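Please keep the sequence and the model in view while reading.

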Amino acid sequence: MASEHNDFEPFELGENMQEDLGMFEAATHARRLQLEQNPVGHVMVVVDEGPLAPAVRELGQTVARRLDASVSEHAVASEQVHEAASGIREAAEKSGAGLIVISFPCGVPLDTGGDESLGEVADHLLQSVTLPLLCVRNPPEPSGISQTLDCLQVAAIRDDDSTRCAISWAFRLADSQTQIHLVELADRTAIEEAQRLLQAREEIASVQKAAIERAITSRMGSLVGMAQREASEKNIELQVSFHLGTPALEVLVEMKRHACGMMIIPRPADHTASGYHLVIDVLLKAGQPVLVI
């Protein structure tokens, strides 16, 4: 696991003491979680008449091969875009798909909505379909499809089943040549707002990044431990890092820094939650495919 702290510093004096304490707490309190094992037998690829169709088709086939799954196509015509979402949902249910691969926007020109909207098909699917959605927003480089699964990034904000599922998907798609980056996130704005609201309480002191990192590391310990065990068993390179800031910006910067080919991000059931808005922000800004779980 990648670490940014200085291992030569004494525990009680080192700047990384809070991180070490978090890791200790994680180790002593961690639940032994298991990856989600439900196999994906079928991948449905949604193709429209736009320029992303060839990339979506090839990516769907690449992912289906990695999952050892069958693959089918569902066509969306531009004149049927208003009925497209319900048609996609019905086709996925009929085919028994475990994953939908689609371009966002779907059925309309790429510049529709610019960086402000994913389109009505995307909005409907994100809120009504519980299946994982692998979304392609920008045309990849010609050689990009074959490299999409070489480096995967997973965003972790909550210690819950949705994050466990996202990590499980990373290992489903990985082989021995894949790098997986697990990014633990804390929203600086939310923390600062909480601090302002709690200023009147004497026991609330200024929370430093190290203390927040300790809390996040401790809370995420079970998930990280699960990922570390799987990586060790499958001989897959796993890196774990902590980031305090604006979550969408942090994950996008990390994707670029590590040249990740795909982002995997959990989608909360509550569409008013900050985690759901994070999904939308990442989909609007990411240049690489995003797998929304």
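## Terms and basis

Two strands are said to pair if DSSP finds at least two bridges between them. Helices (H or I, at least four residues) and strands (E, at least two) are DSSP runs, numbered from the N terminus. The model is a predicted one, in which local features need pLDDT of at least 70 and side-chain atom pairs count only at pLDDT 80 or more, while totals for chains, interfaces and linings use all residues. Residues are numbered from 1 along each chain as its sequence is written, and side-chain values use heavy atoms, with hydrogens and water left out.

## Confidence and overall composition

The average pLDDT (the predictor's confidence in each residue, from 0 to 100) is 82 for the chain, and 75% of the residues score at least 70. In residues 1–15 the pLDDT is below 50, and this stretch has 21 contacts (heavy atoms within 4.5 Å) in the model beyond near neighbours in sequence. Residues 21–27 also have a pLDDT below 50, with 12 such contacts.

The chain contains 11 helices and nine strands. Of its 293 residues, 49% are buried; buried means under 20% relative accessible area, exposed over 50%, and partly exposed in between (1.4 Å probe, protein chains only). The accessible surface is about 14500 Å², with 50% of it belonging to carbon and sulfur atoms; such areas come from the Shrake-Rupley method with a 1.4 Å probe, and for residues only the protein chains shown count as cover. Among contacts between residues at least 6 apart in sequence, 82% join residues at least 24 apart.

Strand S8 (residues 262–265) is covered on both faces. Met262 and Ile264 are buried on one side, and Met263 and Ile265 are buried on the other. In a regular strand the side chains alternate between the two faces of the sheet.

S8 pairs in the parallel sense with strand S5 (residues 151–156) over three bridges, and Val154 stands opposite Ile264 in this arrangement. S8 also pairs in the parallel sense with strand S9 (residues 290–292), again over three bridges; here Ile264 stands opposite Leu291. Together, S8, helix H11 (residues 274–285) and S9 make a right-handed β-α-β unit. A crossover is right-handed if, with the strands pointing away from the viewer, the path from the first strand over the helix to the second runs clockwise.

## Nonpolar cores

A nonpolar core is a set of buried Ala, Val, Leu, Ile, Met, Phe, Trp, Tyr and Cys residues joined through side-chain atoms within 4.5 Å. Which members of the largest core touch the most other members? Trp169 and Ile264 do, in a core of 47 residues. Not counting residues up to four places away in sequence, Trp169 touches Val40, Leu67, Gly98, Leu99, Pro132, Ile264, Leu291 and Ile293. Another core, of 42 residues, lies apart from the largest one and includes Ile100, Cys106, Val279 and Val282. In soluble globular proteins, nonpolar side chains tend to be buried together.

Ala156 is found in strand S5 and counts as buried because its relative accessibility is 2%. Leaving aside neighbours within four places in sequence, Ala156 is in contact with Thr163, Leu182, Val183, Glu184, Leu185 and Met220. Ala156 and Phe242 are 86 residues apart in sequence, and their C-alpha atoms are 9.5 Å apart in space.

Arg188 lies in helix H7 (residues 188–197) and, at 38% relative accessibility, counts as partly exposed. Beyond neighbours within four places in sequence, Arg188 is in contact with Leu244 and Gly245.

## Backbone features in loops

Most residues other than glycine have a negative phi, and most peptide bonds are trans. Phe104 and Pro105 are joined by a cis peptide bond, with omega about 0°. Pro105 is found in the loop between strand S3 (99–103) and helix H4 (120–128).

Asn235, which is not a glycine, has a positive phi of about 55°. Asn235 is found in the loop between helix H9 (221–234) and strand S7 (237–245), and is exposed, with a relative accessible area of 61%. Ala259, not a glycine either, has a positive phi of about 55°. Ala259 lies in the loop between helix H10 (247–257) and S8, where it is exposed at a relative accessible area of 60%.
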